[in-house]
Amino acid sequence: MEVGEAGRVRKKSDVGTGRKTLKLKRTGLHERAAARMRAMIIRGELAPGSPTQETKLSKALGVSRTPLREAMKLLAAEGLVELRPNRSPRIADIETDHVFELFEALAGIERLAAELAAQRATERELQRLRLLQTRMESHHRDGRLDDYFAINGEIHGLIVRAARNAPLREAHETLLSRAERARYLALGAERRWSNSVEEHAAILAALEIRDGETAGRLLSAHVQRTGTALWEVLAKTTRSRPAA
């Protein structure tokens, strides 16, 4: 999406829309195809509940059907694609009932990560977080949602890495792959984008003074608010659907 001079969100930018054929290297072809499809699903270019079209996707990604099908299996393991016997795979729906559970788990993991990162982050990592915060605020002012979303994710990932806890990081990566699409959708909720920027600034301030308790509490609340915003978006979408 982009925001015009009046601050209104317009359609997504053409960056990463898959409108041009993407040539992929043969090394790890199915992983690369999965990464590209994952981005398309997260940004809503492949709509929830829609069946996949192998011919169209193969052409868009520049791969044959074999690596495409392997990519589908990877995405199915992440809960983004639903494999169906004797039918084409479909893009998985976002299940409203699981939203709170997913974001509760993420909130707990990121709370602990922030508490540890406040004590263990290097000055270089804190400097990187400051730089990312500045860039994220700039993208917000310019209405560049896709760029903002990428920086936002990098910040969350850096905080988890700064915790210096491998099992914690592995658990976070597993859940995050399921939550990325939801996080992107939640930013479209009224005021959530602006509130997210302010919350990130407060989290960074706590990390800079090595206040782990505050950083953890703020980051946990931030993640849970995102889950709440998503639930509201999904509920609104459900109410607006015509009866079958």
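**His172**

His172 counts as buried because its relative accessibility is 3% (buried means under 20% relative accessible area, exposed over 50%, partly exposed in between, with a 1.4 Å probe and protein chains only). His172 is part of helix α7, residues 166-186 (helices are DSSP runs of H or I with at least four residues, numbered from the N terminus). Setting aside neighbours within four places in sequence, His172 is in contact with Leu106, Ile109, Glu110 and Val160 (contact means heavy atoms within 4.5 Å).

**Basis of the model**

The model is predicted: local features need pLDDT of at least 70 and side-chain atom pairs count only at pLDDT 80 or more, while totals for chains, interfaces and linings use all residues. Residues are numbered from 1 along each chain as its sequence is written, and side-chain values use heavy atoms, with hydrogens and water left out.

**Nonpolar cores**

The largest nonpolar core has 46 residues, and Phe103, Leu129, Ile155, Ile159, Leu207 and Leu230 have the most contacts inside it (a nonpolar core is a set of buried Ala, Val, Leu, Ile, Met, Phe, Trp, Tyr and Cys residues joined through side-chain atoms within 4.5 Å). Two or more residues of this core come from each of α4, α5 (123-142), α6 (145-162), α7, α8 (192-208) and α9 (212-240). With 11 residues, α4 gives the largest share of this core.

Leaving aside neighbours within four places in sequence, Leu230 is in contact with Val99, Phe103, Ala182, Leu185 and Ala186. A second, separate core has 17 residues, among them Leu29, Ala33, Met40 and Ile41.

**Cavities**

The structure holds 2 cavities of 30 Å³ or more (on a 1 Å grid over the protein atoms alone, a cavity is a set of points where a 1.4 Å probe fits but cannot get out, and lining residues have an atom within 4 Å of a point; grid points are joined across faces, edges and corners, and a volume is the space filled by probe spheres set on the points). The largest cavity contains about 130 Å³ of space. Of its 13 lining residues, Asn152, His156, Arg183, His222 and Thr226 lie nearest the centre. The elements α4, α6, α7 and α9 each give two or more residues to this lining.

The second largest cavity contains about 50 Å³ of space. Its lining consists of Leu129, Gln133, Ile155, Ile159, His200, Ile203, Leu204 and Leu207. α8 provides the largest share of that lining, 4 residues.

How values were computed
On a 1 Å grid over the protein atoms alone, a cavity is a set of points where a 1.4 Å probe fits but cannot get out, and a pocket is an open set with protein on both sides within 12 Å along at least five of seven lines; lining residues have an atom within 4 Å of a point.
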